[in-house]
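Here are my notes on this model, as numbered points. Please keep the structure open while you read.

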Amino acid sequence: MTVCAIEPSADPGDGGTPKVGCSITAEGAYAARLARSEGSGEAWYPERWTLDGPEPYAVPLPGNQPEEPGTEVQPMGDGRVLVHRVTAGRHLFALLYPTGPGTGELSLGAVECPADAPGLRLLPPAPGGERAYALAAGARSTVLWQVAGGAFGPERVAEIPGRCSGGVWLDRTGRMLAVDRETGGRTKAVVVDLERDGEVSPLLQIAPDSDDRLLLADPDSGLVLIGSDAPSPGRERLGWGVLGSTLPVRFPECLRMPDCVVTPFAVQPGQVLTPERCGVALRVDGAFGSWVGVWRPAERQVRHLPPPDGWLTGAGLWTPDGELRLPCSTPRSPCGVARLVAPDAPGQEGPEDPGGADGADRTEGVGGAGVGRSENPEESTPDESGKPGTADAPAPAQPRPVPLQQAPLARLVTK
């Protein structure tokens with residue numbers, strides 16, 4: 001596998017999550033990114049990609065002056081691009097659209113944040129593509145803003161006690177928003193009901209003293225990807241569960257990569273009755289660059305794939321039939337989509353025993369070797385340092401995460 005030596009960038013205001021190369025609408029029709037002008041050094045401009053046609057194509061949307069490298073852009077459902085600029089502490093929002101040879105710009109207004117606040121950032125594109133939201137975290141509370149789609153510019157939707165980060169949509173209507181809220185030194189995912197004036201209710205608590213974040217969710221199947229230090233205090237693990245399920249959150253050993261940052265970025269939609277068979281795309285950042293991992297809860301292995309040339313790192317989407325599409329840009333092909341078809345999960349294992357009868361987790365791809373671990377703690381098990389244990393000296397038993405019904409995930413009802 002050939003990867004580039006890239007130092008993964010992270011958003012310090014969002015839990016260290018690596019930044020993504022572009023933003024894609026919830027329905028997958030459009031994408032937007034900041035592109036760099038050829039021969040102009042650090043001159044940046046917004047660019048819209050159309051992804052739902054026979055071939056992808058890009059439309060440059062340069063404004064009257066170059067954009068700052070930190071400018072946020074987000075595609076809307078009608079093909080316009082929302083741009084978020086920061087000028088003298090004010091957060092300015094506008095919609096860009098092509099007008100023949102030029103770029104039209106519709107100003108939406110501004111939001112002012114306190115000087116000591118960490119700032120304001122856009123949330124992932126909302127379902128439907130008509131509205132856009134942003135979080136402004138403060139010292140004691142976080143304000144949720146609707147910055148596009150309102151009648152009078154940016155509108156204050158709710159004030160949430162605590163410092164919030166993340167942002168995951170839980171339904172197809174754009175009503176239920178999950179955020180990770182830090183209060184009392186602990187982070188727990190909560191849900192914000194936008195149709196009830198921003199009413200906040202608990203969403204996820206695996207253990208009272210654990211940090212539990214919601215990373216990704218699929219509204220069709222209810223599959224959720226979770227980051228929590230409940231099984232390994234002080235060290236976040238990647239786990240999965242199902243909204244409304246009575247089964248516990250699970251933390252597969254194959255998703256544990258000590259020397260890498262693993263970030264789920266896309267879930268296969270349409271698997272309404274079989275969440276354990278959803279394909280999950282993972283961004284893996286290691287010492288030698290970034291690459292793609294593909295995993296299904298019904299499997300006990302991650303398939304590691306070399307990234308396509310020019311991949312807009314961390315961006316991609318699944319089709320219902322299992323094709324993973326990754327936007328990429330190279331000098332020869334400035335606007336392209338790599339299409340990867342992941343094999344179906346072997347066998348017909350259900351959610352009661354995902355992964356097969358052998359009980360072993362496997363990681364394939366990097367180096368070509370498989371690494372196994374038994375679920376029985378009395379058997380030989382590698383410890384945190386990578387050294388194998390013995391039956392006479394078993395590894396310490398990990399605390400069993402509570403079922404989702406006790407974590408109030410089962411009480412979340414979306415209609």
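**Notes on the model**

1. Strand β3 (residues 44-50) has seven of its seven residues buried, so the rest of the structure largely encloses it. Buried means under 20% relative accessible area; exposed means over 50%, and partly exposed lies in between (1.4 Å probe, protein chains only). Strands (E, at least two residues) and helices (H or I, at least four) are DSSP runs, numbered from the N terminus. Trp44, Pro46, Arg48 and Thr50 point one way from β3. Tyr45, Glu47 and Trp49 point the other way, and all are buried.

2. A word on the basis. This is a predicted model, where local features need pLDDT of at least 70, side-chain atom pairs count only at pLDDT 80 or more, and totals for chains, interfaces and linings use all residues. Residues are numbered from 1 along each chain as its sequence is written, and side-chain values use heavy atoms, with hydrogens and water left out.

3. Now the confidence. pLDDT is the predictor's confidence in each residue, from 0 to 100. The protein chain has a mean pLDDT of 81, and 77% of its residues reach 70 or more. Residues 1-13 fall below 50; beyond near neighbours in sequence, this stretch has 30 contacts in the model. A contact means heavy atoms within 4.5 Å. Over residues 347-400 the pLDDT also stays under 50, and the model has 86 contacts beyond four places in sequence for them.

4. Which strands pair with β3? Strand β2 (residues 30-36) pairs with β3 in the antiparallel sense, over seven bridges. Two strands pair if DSSP finds at least two bridges between them. Arginine 33 has glutamate 47 in β3 as its bridge partner. Strand β4 (residues 57-60) also runs antiparallel to β3, joined by four bridges. Here tryptophan 49 is partnered by alanine 58 of β4. β3 and β4 form a hairpin, with six residues between them.

5. Next, strand β15 (residues 186-193). Seven of its eight residues are buried. Eight bridges pair β15 with strand β14 (residues 176-183) in the antiparallel sense. In their hairpin, two residues lie between the strands, and glycine 184 takes a positive phi near 60°. Strand β16 (residues 199-204) pairs with β15 over five bridges, again antiparallel. The β15-β16 hairpin has five residues between its strands, and aspartate 197 in the turn has a positive phi of about 55°.

6. Where is the largest nonpolar core? A nonpolar core is a set of buried Ala, Val, Leu, Ile, Met, Phe, Trp, Tyr and Cys residues joined through side-chain atoms within 4.5 Å. The largest one has 18 residues, and Leu225, Leu282 and Trp295 have the most contacts inside it. At least two residues of this core come from each of β18 (223-228), β19 (237-242), β20 (261-267), β21 (280-286) and β22 (289-295). Leucine 225 touches several residues beyond four places away in sequence, among them Leu215, Trp240, Val280 and Trp295.

7. Finally, the rings. The structure holds two aromatic pairs. Rings of Phe, Tyr and Trp (its six-membered ring) pair if their centres lie within 6.5 Å; planes under 30 degrees apart count as stacked, over 60 as edge-to-face and the rest as tilted. Tyrosine 133 and tryptophan 169 have ring centres 5.5 Å apart and planes at 55°, so this pair is tilted. Tyrosine 133 sits in strand β10 (residues 132-137) and tryptophan 169 in strand β13 (residues 163-169), 36 residues apart. Phenylalanine 265 and tryptophan 311 also form a tilted pair, 5.8 Å centre to centre with 45° between the planes.
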